[in-house]
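Reader: Hi! Could you walk me through this one?
Author: Happy to, here it is.

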Amino acid sequence: MPFSTLHPTLNERAVTGLLRTRCTVESPSSPHIVIDGKSYLSFCSNDYLGLANHPQLISAMQQGAQQWGVGSGASHLVSGHTVAHQQMEIALAKFVGKPAALFFSSGYLANLGVVQALVGRGDTVFADKLNHASLNDAMLLSRAAIKRYRHNDVAHLALLLQQSAGTGRKLIVTDAVFSMDGDIAPLPELVGLCEQNDAWLLIDDAHGFGVLGKQGRGSVAHYFLNNPRIIYMATLGKAAGVSGAFVAAEQVVIDTLLQAARTYIYTTASPPALASTLIASLGLIEQDDWRRAQLQKLIAQLRAGLQSLPWKLLPSDTPIQPLVVGENNVVLKLSDALRGQGIWIPAIRPPTVPPGTARLRISLSAAHSDCDVARLITTLHELAR
């Protein structure tokens, strides 16, 4: 049986501390979750603003389902594109200051769709080496030439662009906030290189939307950028607390995606009730500045409290706070020890992060309290001793 060829690979992953497992959560998204009947203080959710279980969004979802049902019934281009979807796309485009937006079922699908629609053979994609897997897969599937530059190294990118002068379309792709390191891309410098080299810039702002910039308008707003070369993608299942993703750009780009983005064209539209809920979420993101203020307060508290640990806390001003432990089995033991103390932070290991940099990816939420963070700090120091 060919199944026998699978066992050695799984066994090897188990021995090297790389075997992935799932937990089954028995409670709604919150800093305090229940797994296997036991309560844990969780620091691993991307629900940065604490909106995933917000009463107003629950009510918006219920009302949306009452009005639209629970499914769309078809792809957007057949009959699945509703008034709710249209209103949401208009609201999203306005929120991030772009002429138009297109809603996708997930950020992964959005990145796959955009890159493959805009570049192909004869074109070149320039990518940060620490980009998200979806951007990596997208550029591979596009069949464009690929040039990878050192992480956030503008000089290296400039050299690669110079060496590729005169070769088809050029697309620079980058995370805005890097999901495993928590640092922010040098977006103003990247825009400058786009101007100099007649390139586009695709920004994946999955972890910046709702958190950074005035009223949570994202990493582009954080840098006060407004450039037609920017193609902006953000997911809506993290700070927005719901599900899906959107791409915002010049109208001609959105029109092109509508014609050529296969992950949009050939996917059943998400439920209209989600769109109704996301409109309500945008209102909370825009109005509730206290959530971002709380996040910044907790980030400062955590960073001050973890400086003297034997493990390296990477520099980050975002809710993603990576504590690099090193070896896979060591970080697994630390994660298990935290679990024994009622704190849930799964170990992040290769290939998600480079070999030798296994870590705890501590993720903060505005729904955390000062006491929650203090408990984590105290527990980590106790385990370090």
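Reader: Nice. What's the strand order in the open sheet of three strands?
Author: The order is β1-β2-β12, and the pairing is mixed. Strands here are DSSP runs (E, at least two residues; helices are H or I, at least four), numbered from the N terminus, and two strands pair if DSSP finds at least two bridges between them. Before we go on: this is a predicted model, where local features need pLDDT of at least 70, side-chain atom pairs count only at pLDDT 80 or more, and totals for chains, interfaces and linings use all residues. Residues are numbered from 1 along each chain as its sequence is written, and side-chain values use heavy atoms, leaving out hydrogens and water.

Reader: Thanks. Which are the edge strands?
Author: β1 (32-35) and β12, each of which pairs on one side only.

Reader: And in what sense do β2 and β12 pair?
Author: Parallel, over two bridges. Ser42 stands opposite Trp344 in β12.

Reader: Switching to rings: how many aromatic pairs are there?
Author: Five, counting rings of Phe, Tyr and Trp (its six-membered ring) with centres within 6.5 Å; planes under 30 degrees apart are stacked, over 60 edge-to-face and the rest tilted. Tyr40 and Trp344 make an edge-to-face pair, 5.0 Å centre to centre with 70° between the planes. Tyr40 is in strand β2 (residues 38-42) and Trp344 in strand β12 (residues 343-344), so their pair ties together parts 304 residues apart in sequence.

Reader: Why is the pair of Phe104 and Tyr264 edge-to-face?
Author: Because the planes of Phe104 and Tyr264 are at 65°, with ring centres 5.5 Å apart. Phe104 lies in strand β3 (residues 100-104) and Tyr264 in helix α11 (residues 262-265), so this pair ties together parts 160 residues apart in sequence. Phe104 is buried at 1% relative accessibility, and Tyr264 is buried at 4%.

Reader: Which rings form a cluster?
Author: Phe95, Phe209, Tyr232 and Phe246, linked by ring pairs.

Reader: Last topic, the largest nonpolar core: which residues touch the most other members?
Author: Phe43, Phe209, Phe246, Leu360, Ile362, Leu376 and Leu380, out of 78 residues. A nonpolar core is a set of buried Ala, Val, Leu, Ile, Met, Phe, Trp, Tyr and Cys residues joined through side-chain atoms within 4.5 Å. There is also a second, separate core of 29 residues, including Ala100, Leu102, Ala127 and Ala249.

Conventions:
Buried means under 20% relative accessible area, exposed over 50%, partly exposed in between (1.4 Å probe, protein chains only).
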